[in-house]
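Please walk through this structure with me, one contact at a time.

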Amino acid sequence: MSSTLPEQSGGTVQDRVQQGRRNAFLFAGAAGLAGLMFGLDTGVIAGALKFLGQDLKANDRALEWIVSSLMLGAAAGSLLAIPLSHHRGRRGAMFYAGLLFLPGTALCSLTSSIPVMILGRVCLGLGVGFGSFSAPLYIAEITEKSRRGKMISMYQLVITAGMLLALLSDSLLSYGGHWRWMLGILAVPTVVFILATMQVPYSPRWLAMRGRRKEAHTVLQQVRGSKQRATEELNRIEENLRKTEGNGFSLLKSSSGFRKTFALGIGLQVFQQFAGINILMYYAPHILEHLGFSTSAAVWCTTLLGLANMVSTFGAILLIDRWGRRPLLLVSTVVASLSLAVFGTLLYLHVGGVFGQIAIVSLLVLFILGYAFGEGPIPWTMCTEIQPLQGRTLAIACSTFANWMTNWLISNVFLSVMGAIHDYGVFWLLAGFNAVFFLIGYFFVPETKDCSLEEIEDRLKAGFPLREIGQPSRLKADTAMVVQERDSLPV
Ligand code: BGC
């Protein structure tokens, strides 16, 4: 993927800028394959679980460990990715992620032992963790400011596409119960991913951080299309690097504002997982079979859920900068909470027959549509937007870690909890978590639409409450307008 410098290819300034954009899109697309691997490796287990469970004679507890060990690896990987991406670059961390996917895929698809399967899943998880920290960072550092939000949201869309592809291939391979093929086929995209990471350049910001100014300038020229734009941006990066000396830990001690955004980031990520999405992503076929669906109907319905997830994420990307973050999150939590509450009630009433099955699938689709419209993308977007520059890496790493640990917890105890409080009890509990998520959104989440990161940081430093660090709330704005109008009336 070593493209020529746009200035060497001649053409007008406009042509060169366009060429630079194409290069940036290509490099960001290659990094986006990390998201595809994330979706493939986490999504594939849903369809394979039943068959591998039978072959390996795994009980419920063993199944829970097989599913959740990947998340434990990913939690560790997302923390280890900080020093790795600092020393070896974001590109290096993505390359090592690819290298871990290979033995992980081989162990999982070839073994007949439960501990080796778990080891393979931990290996895959470490790779997912490396990728989920370094790929969005790489994308943010290689793309222009004006396209950054969209490109990062596209990364979330690619994750859902990976999940859908995995579910689709699971469905096709489910007829012969070929679970080894379901897991093993992922070696193909893994090799493509490794080759892609070898072709992309290092991110300019990382090169500048390491004092490799000349190389940083060359990469910037490749992606911005002109020497002058490259020099201007490099100067800005270097100025920024000087400003952010000092670390997140010292900021955590000294700034109560940062402590609040730090806690909000973790809260959003924890409740994203308590919303219950991954119970469906990993266990939907198991749940549906438990409710009387045939194996193939259960696997195909799960694929439908994957499709709903991707479609609704796409809708959220289209609307996030128009409607804003708060409306998306609030609508999403209400839909998710109500659909799960009704779903639990159907289970409690043992509604069966064709009508019951249609209602069950429709409610699950509704839940996923709701989740993917806000609860899915907003925590990731918000976590990069609300954190002050000096504490950004620390806050994002900790909230990502919290996301994976909660994901692990939920997937590790789901079957046991279902045994203890019944299926309907689990879904009522999840409906309650979604209602709490609504309250967190309502009382604490700011509207960051149309606000620059610097404006948000300034308002945070000025001591505004969390809810007000983005746009002022409608109520406050209206009150301010009324006061202004009243004050301007002649006395
Ligand atoms: C979550 C994942 C989840 C995925 C589903 C992401 O935002 O972090 O845990 O599997 O959404 O689309």
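**Charged pairs, rings and a ligand**

R90 counts as buried, because its relative accessibility is 6%. The model is a predicted one. R90 has a salt-bridge partner in E141, with the closest N and O atoms 2.8 Å apart. E141 lies in helix α5 (residues 114–142) and R90 in helix α4 (residues 89–110), so the pair ties together parts 51 residues apart in sequence. E141 is buried as well, with a relative accessible area of 11%.

How many salt bridges does the count come to? The count is 11 salt bridges. Another of them joins K50 and E289, whose closest N and O atoms are 3.2 Å apart. K50 sits in helix α2 (residues 45–55) and E289 in helix α14 (residues 277–290), so this pair ties together parts that are 239 residues apart in sequence. K50 is partly exposed, at 31% relative accessibility. E289 is also partly exposed, with a relative accessible area of 26%.

R325 and D321 form a salt bridge too, at 3.1 Å from N to O. Here the two ends fall into separate classes. R325 is buried, at 5% relative accessible area. D321 counts as partly exposed, at 44% relative accessibility.

E457 lies in helix α20 (residues 453–461). Its side chain reaches the backbone nitrogen of L389 at 3.1 Å. Is E457 buried or exposed? E457 is buried, because its relative accessible area is 16% and the cut-off for buried is under 20%.

Now turn to the rings. A pair of aromatic rings is described by the distance of the centres and the angle of the planes. The count comes to 18 aromatic pairs. In one of them, the rings of F271 and F433 have centres 6.4 Å apart and planes at 80°, so the pair is edge-to-face. This pair links distant parts of the chain: F271 is in helix α13 (residues 256–274) and F433 in helix α19 (residues 392–444), 162 residues apart. F271 counts as buried, at 16% relative accessibility. F433 is partly exposed, with a relative accessible area of 23%.

F271 also pairs with F437, and that pair is tilted: 6.2 Å centre to centre, with 45° between the planes. It again links distant parts of the chain, since F271 lies in helix α13 and F437 in helix α19, 166 residues apart. F437 is buried, with a relative accessible area of 0%. Together, F271, F274, F433 and F437 form one aromatic cluster.

Next comes the ligand. The residues surrounding the ligand include Q156, T160, M163, Q272, Y371 and N407. A polar side-chain atom of N278 lies 2.7 Å from a ligand oxygen. For W380, a side-chain N or O atom is 2.9 Å from an oxygen atom of the ligand. For Q273, the corresponding distance is 3.0 Å. The protein covers 99% of the 310 Å² of accessible area that the ligand has on its own.

Finish at the surface. L165, L168, L172, Y175 and W300 form a nonpolar patch there, with about 520 Å² of accessible area together. Helix α6 (residues 145–173) gives the most to this patch, with three residues. L165 lies in helix α6 and counts as partly exposed, at 46% relative accessibility.

Methods. Residues are numbered from 1 along each chain as its sequence is written. This is a predicted model: local features need pLDDT of at least 70, side-chain atom pairs count only at pLDDT 80 or more; totals for chains, interfaces and linings use all residues. Side-chain values use heavy atoms; hydrogens and water are left out. Patches are made of residues with over 30% relative accessible area and no salt bridge: like charges are joined within 9 Å, nonpolar side chains (Val, Leu, Ile, Met, Phe, Trp, Tyr) within 5 Å. Accessible areas come from the Shrake-Rupley method with a 1.4 Å probe; for residues, only the protein chains shown count as cover. A salt bridge is a side-chain nitrogen of Lys or Arg within 4 Å of a carboxyl oxygen of Asp or Glu. Helices (H or I, at least four residues) and strands (E, at least two) are DSSP runs, numbered from the N terminus. Buried means under 20% relative accessible area, exposed over 50%, partly exposed in between (1.4 Å probe, protein chains only). A residue is near a molecule or strand if one of its heavy atoms lies within 4 Å of it. A polar contact is a pair of N or O atoms within 3.5 Å; within protein, one must be able to donate a hydrogen and the other to accept it, and residues adjacent in sequence count only if both atoms are side-chain atoms. Rings of Phe, Tyr and Trp (its six-membered ring) pair if their centres lie within 6.5 Å; planes under 30 degrees apart count as stacked, over 60 as edge-to-face and the rest as tilted.
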